[in-house]
Amino acid sequence: MALFPVRRDAATAEFFDGTARGEFLLVRDTTTGEILDPRTDTAFDRARFEHVPASGEGTVVTWSVPHTRTPDGGTRRSVVGIVELAEGPWWWTELRGFDPDDDLAGARVRVRFEKSGDGEHDETVPYFAKVE
């Protein structure tokens with residue numbers, strides 16, 4: 001579950017339109033064909049860039065296991081990391097389906113999506129899950 005509701009702005013609208021459809025969108029430079037990170041600022045030359053769906057597959061590059069307090073005073077261990085997408089860019093994300101004590105280097109993952117909150121304007125956000 002997302003830690004907090006996420007809301008769109010003008011710079012993220014197209015990305016979140018994609019996640020709502022179940023697509024993880026990357027940015028493609030139409031002059032070079034290069035695939036870029038979804039966070040690439042395209043506002044300075046919108047005609048040069050287009051959003052294209054990623055395959056949704058990747059591999060874990062590195063990870064960490066932060067410990068957070070739960071409301072009842074316990075702790076929760078989650079797995080977060082950097083995934084190298086099949087298309088090349090790296091994405092910082094929550095990783096699900098893994099034992100926090102495992103070595104995740106090179107693990108195969110696939111994008112999944114969930115609503116970030118219950119509100120009407122809370123966006124659908126991506127996370128990556130272990131490929132079984």
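Among contacts in the protein chain between residues at least 6 apart in sequence, what percentage join residues at least 24 apart? The figure is 48%. Keep in mind throughout the tour that this is a predicted model.

**The whole chain**

Start with everything shown as a cartoon. The protein chain has 1 helix and 10 strands. Follow the chain from the N terminus and the elements come in the order α-β-β-β-β-β-β-β-β-β-β. Along the principal axes, the C-alpha atoms fill a box of roughly 50 × 35 × 25 Å.

The accessible surface of the protein chain is about 7,900 Å², and carbon and sulfur atoms account for 51% of that. The chain has 132 residues, of which 37% count as buried.

**The annotated span**

Select residues 52–114. An unreviewed UniProt entry gives this span the annotation "domain: ChsH2 C-terminal OB-fold". In the model, residues 52–114 are 0% helix and 59% strand. Pick the C-alpha atoms at the two ends of the span, and the distance between them is 20 Å.

Now select β1 (25–29), together with β2 (35–36) and β3 (49–53). These 3 strands make an open sheet in the order β2-β1-β3, with antiparallel pairing. β2 and β3 are the edge strands, each pairing on one side only.

Look along the pairing of β1 with β3, which is antiparallel and runs over 5 bridges. Select Val27 and look across to β3: the residue opposite is His51.

**Aromatic pairs**

Show the side chains of the aromatic residues. Across the whole structure there are 6 aromatic pairs. One of them joins Phe24 and Phe128 edge-to-face, with ring centres 5.9 Å apart and 70° between the planes. The two residues are 104 apart in the chain: Phe24 sits in the loop between α1 (13–20) and β1 (25–29), while Phe128 belongs to strand β10 (residues 124–130). Phe24 and Phe128 are both buried.

For another edge-to-face pair, select Phe44 and Phe49; here the centres are 5.7 Å apart and the angle between the planes is 70°. Phe49 counts as buried because its relative accessibility is 10%, under the 20% cut-off.

**A charge over a ring**

Select Tyr127 and Arg96. Which residue lies over the face of Tyr127? Arg96 does, at 3.6 Å from the ring centre.

**Last stop: Thr124**

Finish at Thr124, in strand β10. Thr124 is classed as buried because its relative accessible area is 15%, which is under 20%. Show what surrounds the residue, leaving aside neighbours within four places in sequence. Which residues is Thr124 then in contact with? They are Phe16, Thr19, Ala20, Phe113, Glu114 and Lys115.

Methods:
Residues numbered from 1 in each chain as written. Predicted model: local features only at pLDDT ≥ 70, side-chain atom pairs only at ≥ 80, totals over all residues. Heavy atoms only, no water. Phe/Tyr/Trp six-rings, centres within 6.5 Å; stacked < 30°, edge-to-face > 60°. Helix = DSSP H or I, 4+ residues; strand = E, 2+ residues; numbered from the N terminus. Buried < 20%, exposed > 50% of the residue type's maximum accessible area, 1.4 Å probe, protein only. Lys NZ or Arg CZ within 6 Å of the ring centre and 35° of its normal. Pairing = 2+ DSSP bridges. Contact = heavy atoms within 4.5 Å. Areas by Shrake-Rupley, 256 points an atom, 1.4 Å probe, with all protein chains shown as cover. UniProt positions renumbered as here; feature names shortened; annotations may be inferred.
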